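Please open the model in your viewer and keep the sequence panel beside it.

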Amino acid sequence: KRVAILISGGGSNMVALARSMTGDHPARPVLVASNDPQAGGLAKAADMGIATASVDHRPFKGDRAAFEAELQKILTEARPDILCLAGFMRILTPEFIDSWAGKMLNIHPSLLPKYKGLHTHARALEAGDAEHGCTVHEVTAELDDGPILGQARVPILADDTPETLAARVLPMEHKLYPAVLRQYVIGNRALVEIS
Ligand code: GRF
């Protein structure tokens, strides 16, 4: 199976995914693409020998369809079977999402359905939650709302700040996403749970 990974920044989740696709793993990374030509993850992907591409979203201003048309050209060339959003920070249109229905995953740093959107760690702290975590889900037109494929949980500690909490969640993302992808590739949809 061919996997393309979309990033916007450092790409630590992309690195974890790429590193997992070796040996008898039935998938391989065929492309890492970003909406930011300066994304740090692009250099990491290149260092790992993975093809990279970028489509700067800024020249397109609010024209999401035009940006996505360029992105689709790159994806068509790479012909991935699965698209993994990993720290990808652009909202995708329902049309784009429909074209990848059943083939697109995302990781979100909260225990969905709690805390869709941004600033999830601060919101979990604010709410006084005892635990927090991350979720891998199939992408649907509704933001951060698709079928949940896996979750990883961490305790929230009394002296946590958004930063210390994020630092506890991120390594769990790096465990969860590869575990979910491996199951997803072989057609297994049983919930993956890590704590
Ligand atoms: C992280 O905050 C992570 O929780 C979320 O996207 C951000 C950047 O991730 N998924 P990455 O290091 O670019 O994978």
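A contact, here and below, means heavy atoms within 4.5 Å. What is on display is a predicted model, in which local features need pLDDT of at least 70 and side-chain atom pairs count only at pLDDT 80 or more, while totals for chains, interfaces and linings use all residues. Residues are numbered from 1 along each chain as its sequence is written, and side-chain values use heavy atoms, with hydrogens and water left out.

**The whole chain**

Colour by secondary structure, taking helices (H or I, at least four residues) and strands (E, at least two) as DSSP runs numbered from the N terminus. This gives 6 helices and 8 strands, and along the sequence they follow the pattern β-α-β-α-β-α-β-α-β-α-β-β-α-β. The radius of gyration, taken over C-alpha atoms, is 16 Å, close to the 16 Å from the globule rule (2.2 Å times the number of residues to the power 0.38) for 195 residues, so the protein is as compact as a globular protein of that length. Its C-alpha trace spans about 50 × 40 × 30 Å along the principal axes. Of the 195 residues, 48% count as buried, where buried means under 20% relative accessible area, exposed over 50%, and partly exposed in between (1.4 Å probe, protein chains only).

Select the strands next: they form an open sheet of 8 strands in the order 3-2-1-4-5-6-7-8, with mixed pairing, two strands being paired if DSSP finds at least two bridges between them. At the edges are strand 3 (52-54) and strand 8 (192-194), each of which pairs on one side only. Neighbouring strands are turned by 20 degrees against each other on average, direction ignored; axes are lines fitted to C-alpha atoms, for helices over the stretch in contact, and angles run from 0 to 180 degrees between N-to-C directions.

Strand 1 is mostly covered, with 5 of its 6 residues buried, and it runs parallel to strand 2, to which 6 bridges join it. To see one of these, select V3 and its bridge partner P29 in strand 2. Further along, strand 7 (residues 148-155) pairs with strand 8 in the parallel sense over 3 bridges, and A152 has I194 in strand 8 as its bridge partner.

**Single residues**

Which residue does the UniProt annotation "active site" cover? In that unreviewed entry it is H108, although such annotations may be inferred rather than shown by experiment. H108 lies in strand 5 (residues 104-108) and is buried, with a relative accessible area of 3%. Leaving aside residues up to four places away in sequence, H108 touches Y115, K116, G117, T120, C134, T135, H137 and D144.

Move on to D144, in the loop between strand 6 (131-138) and strand 7. D144 is buried at a relative accessible area of 9%, and its phi is near 55 degrees, a positive value in a residue other than glycine. R79, in the loop between helix 3 (64-78) and strand 4 (82-85), also has a positive phi, near 40 degrees, but R79 is exposed, with a relative accessible area of 55%.

Finish at P113, in the loop between strand 5 and helix 5 (120-126), where the peptide bond from L112 to P113 is cis, with omega near 10 degrees.
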